[in-house]
Amino acid sequence: MDTTGEPDRQRRADSEAAGLDSDDHATVDATETFVVHRNLLFTVAYEMLGSAADAEDVLQDTWLRWVKVDVGQVSDQRAYLVRITTRQALNRLRSMKRRRESYVGSWLPEPLLTTPDVAADVELAESVSMALMLVLETLTPTERAVFVLREAFGIGYDDIAAAVDKTPAAVHQIAHRARCHVEARRPRRAVTARQAEVALEAFQRALETRDLQGLLDVLAPDVVAISDGGGIKQATPRPVVGADKVARFIVGGLTRNDVPLTVEPTVVNAGPALALHVDGELDGVIVMHIEDTRITGLYFVRNPQKLTHIESATPLTLR
């Protein structure tokens with residue numbers, strides 16, 4: 001018996017039984033494919049934009065365009081979806097660059113609550129780390145797109161060229177230039193999970209007990225603290241540099257007036273972090289970068305518009 005095309009005939013029969021026409025069925029198929037690759041597409045958009053809210057908007061735009069595509073004519077659906085996402089993210093990134101010029105105070109990426117398996121994936125963990133995300137901010141939009149697609153996801157030059165509307169030769173040059181730029185500024189790789197845990201516990205203990213010396217013991221001499229209030233919450237207008245200044249900023253700023261403060265360890269952007277609650281309300285998130293068992297970077301996000309993914313308490317897998 002010739003069973004060629006039997007699955008397709010059965011699927012059409014199922015669709016007819018459910019009251020779906022061919023267009024409805026095509027939309028269902030396209031949506032199922034989109035869902036399969038959604039985490040990847042979100043991560044691509046987030047690494048390009050540094051904003052989970054904008055990444056979600058990009059995914060919505062991607063889906064609206066994807067369901068209009070004749071999926072049967074697409075040989076590599078994953079690459080095609082990445083191409084749409086990249087183009088939408090590039091358009092948004094160019095407009096965001098202008099918005100950030102008027103941003104009040106220091107700007108930090110929107111923190112993401114991530115699952116432990118993300119932290120265990122060394123390359124992925126580094127690509128979404130606060131420290132590297134800040135370095136990516138110094139790239140042009142096209143350089144950032146090429147770097148993210150090539151370095152974080154290993155996408156081929158031909159596919160990247162199609163996504164950014166450049167020739168493969170031009171993409172090679174852009175990738176080389178972006179890689180050199182990032183390598184010159186890239187933070188050293190973080191320590192082991194256990195070493196990070198020890199540093200996090202020491203920092204939390206010192207913070208909760210207002211122990212200035214305890215903070216000095218866990219902070220690197222050249223530690224940098226950056227706080228982002230977005231003009232809504234109080235934050236330092238410029239980075240605070242040096243262990244003594246950072247420790248006094250933490251003790252004097254975060255624990256002033258005996259405000260009821262609850263500190264909870266968590267994993268944000270695949271790194272050790274603390275969620276700070278004041279009177280039961282999320283007040284901010286401190287993300288840490290650790291080298292040689294000492295904290296070299298503190299990224300304190302207080303802007304409430306950037307804390308929605310943390311408040312949702314739904315850790316993201318990202319891939």
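**Exercise 1.** Work out which helices cover the buried residues of H11, and which residues those are.

*Solution.* Start with the cover: it includes helix H8 (130-136), helix H9 (141-152) and helix H10 (157-164), with contact meaning heavy atoms within 4.5 Å. Helices here are DSSP runs of H or I, at least four residues, and strands are runs of E, at least two, numbered from the N terminus. Next, pick out the buried residues (under 20% relative accessible area, 1.4 Å probe, protein chains only): Val171, Ile174, Ala175, Ala178 and Val182. They cover an arc of only 105 degrees around the axis, so they sit on the same side of H11; the arc uses directions from the helix axis to the C-beta atoms.

A word on the model: it's predicted, so local features need pLDDT of at least 70 and side-chain atom pairs pLDDT 80 or more, while totals for chains, interfaces and linings use all residues. Residues are numbered from 1 along each chain as its sequence is written, and side-chain values use heavy atoms, leaving out hydrogens and water.

**Exercise 2.** Check whether the length of H11 agrees with its residue count.

*Solution.* Take the 18 residues (168-185) at 1.5 Å a residue, which should span 26 Å; the rule is 1.5 Å times one less than the number of residues. Then compare the end C-alpha atoms: they're 26 Å apart, so it agrees.

Notes
Buried < 20%, exposed > 50% of the residue type's maximum accessible area, 1.4 Å probe, protein only.
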